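Please keep the sequence and the model in view while reading.

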Amino acid sequence: KLEETNKGFKRLSRICKECLKWVRCLKKMTEKRIYYVKPRQVVLVTSRYNFDNNIITIGWHTRVSSRPELYAIAVSKYRYSYKLIKKGKCFVINFMDVKDKKIAEYCGAISGREVNKFEKLNLEREICNNVECFRLKKALAYMECKLIKEVKLKSSNYIIFIGEVVNKAVVKEGRRLLWSEG
């Protein structure tokens, strides 16, 4: 029985060494290649402060709580929308159809400091019910959010804005816009 036990330990030892090699290999692959999951949904976030309005394309967003319902977005502190959300204390998540890819590309590439994107893209907007902001009439669904917290990430130019969802609706059916490139 002792001999069988020793053979079992030796076999287990070989298996463990192979497992360790595999784990090291996976770790290296992860460090080099896997940064985030793709594809992921892209949203257009509208913001407003006084008479200044903007639309920004956001890929980093998520629901963070169901009671109370909270939603988070990541925005660079160098973006025009950062200033509007910080001062206006609200934002709206607009879930767009896959047909609106060109709109999302434009809103992600052009700053609202110089261009009124609503006018340039001829986008119809609606006044929100519970926040001082606009939502896109073209959206499949929307969530109106009151800003409740701003989280500064150490060593990053991104700020996480957390908003309480105060109004939401699914307006129409469609295929949501996903980002899978780059």
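Arg-79 is partly exposed, because its relative accessible area of 47% falls between the limits of 20% for buried and 50% for exposed. The model discussed here is predicted.

**Surface charge**

- Arg-79 belongs to a surface patch of positive charge, in which it gathers with Lys-83, Lys-87 and Arg-113.

**Aromatic pairs**

- The whole structure contains 3 aromatic pairs.
- One of them joins Trp-60 and Tyr-158 in a tilted arrangement, with 4.8 Å from centre to centre and 55° between the planes.
- Trp-60 sits in the loop between strand E3 (52–58) and strand E4 (61–66), while Tyr-158 is part of strand E10 (residues 158–170), so this pair ties together parts that are 98 residues apart in sequence.
- Trp-60 is partly exposed, with a relative accessible area of 39%, and Tyr-158 is also partly exposed, with a value of 25%.
- Another pair, formed by Phe-118 and Phe-134, is edge-to-face, with 6.4 Å from centre to centre and 65° between the planes.
- This pair links distant parts of the chain, as Phe-118 lies in helix H4 (residues 117–120) and Phe-134 in strand E8 (residues 134–136), 16 residues apart.
- Both Phe-118 and Phe-134 are buried.

Methods
Residues numbered from 1 in each chain as written. Predicted model: local features only at pLDDT ≥ 70, side-chain atom pairs only at ≥ 80, totals over all residues. Heavy atoms only, no water. Patch = residues over 30% accessible without salt bridge, like charges linked within 9 Å, V, L, I, M, F, W, Y side chains within 5 Å. Areas by Shrake-Rupley, 256 points an atom, 1.4 Å probe, with all protein chains shown as cover. Salt bridge = Lys/Arg side-chain N within 4 Å of Asp/Glu carboxyl O. Lys, Arg positive; Asp, Glu negative; His and termini not counted. Charge placed at Lys NZ, Arg CZ, Asp CG, Glu CD. Buried < 20%, exposed > 50% of the residue type's maximum accessible area, 1.4 Å probe, protein only. Phe/Tyr/Trp six-rings, centres within 6.5 Å; stacked < 30°, edge-to-face > 60°. Helix = DSSP H or I, 4+ residues; strand = E, 2+ residues; numbered from the N terminus.
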